[in-house]
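Q: Please take a close look at one part of this model. Walk me through it step by step, in plain words.

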Amino acid sequence: MLINFNETMERTTPGMNGGTGEMSARIYMSDSYKIIPCRIHKGGSIGKHVQMSGDDINYVISGTGKAICNGEEEILTAGCCHICPKGSSHSLINTGDDDLVLLTVVVEK
C-alpha cells in the first residue's frame, strides 16, 4: 500500500490540545493506526493530554524540542523517538528557532 502525503491536504491547527502556537499536519487514518507527518511551528506546543487511542510514537525528523510524559522530561533532536504509551499523559514543545518536524504513528489498542 502506498500513502502519498503529497496528495493529502495539510491542516493547520492553533493550540492543539490546549497548547500554544500552531501545528500543521497531514493525516492518514485506518482502524489500526494513524500516520501523521507534522510540524510544530516555532513557539508552538501540543498541550498536555492523556493518550487514549493507543501508543503514540513520535520520530523527530528535524528541529529541537522536549516531550513531557508522565512528568518525565525528554529532550528531542533529529533522530530521536519519543513514545507515549496508551493511558499516559504527555505534551510536546518546540524549543527551537525552526519547526519541530515529526513523523507520528499512533498504534490503536
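A: Tyr-28 counts as partly exposed, because its relative accessibility is 23% and buried would mean under 20%. Tyr-33 is also partly exposed, at 29% relative accessibility. This is a predicted model, so these are computed values. Tyr-28 and Tyr-33 form an aromatic pair. Their ring centres lie 6.2 Å apart. Why tilted? Planes under 30 degrees apart would count as stacked and those over 60 as edge-to-face, so the rest are tilted. The count of aromatic pairs comes to 1.

Now turn to strand 7. This strand covers residues 65-69. Its side chains alternate between two faces. Gly-65, Ala-67 and Cys-69 point to one face, and they are buried.

Next come the partners of strand 7. One is strand 8, residues 72-76. Strand 7 and strand 8 run antiparallel, joined by 5 bridges. Ile-68 has Glu-73 of strand 8 as its bridge partner. Strand 7 and strand 8 form a hairpin, with 2 residues between the strands. In that hairpin, Asn-70 takes a positive phi near 50°.

Strand 10, residues 89-94, is also joined to strand 7. Here too, 5 bridges link the strands, which run antiparallel. Gly-65 is bridged to Asn-94 of strand 10.

Technical notes
Residues are numbered from 1 along each chain as its sequence is written. This is a predicted model: local features need pLDDT of at least 70, side-chain atom pairs count only at pLDDT 80 or more; totals for chains, interfaces and linings use all residues. Side-chain values use heavy atoms; hydrogens and water are left out. Buried means under 20% relative accessible area, exposed over 50%, partly exposed in between (1.4 Å probe, protein chains only). Helices (H or I, at least four residues) and strands (E, at least two) are DSSP runs, numbered from the N terminus. Two strands pair if DSSP finds at least two bridges between them. Rings of Phe, Tyr and Trp (its six-membered ring) pair if their centres lie within 6.5 Å; planes under 30 degrees apart count as stacked, over 60 as edge-to-face and the rest as tilted.
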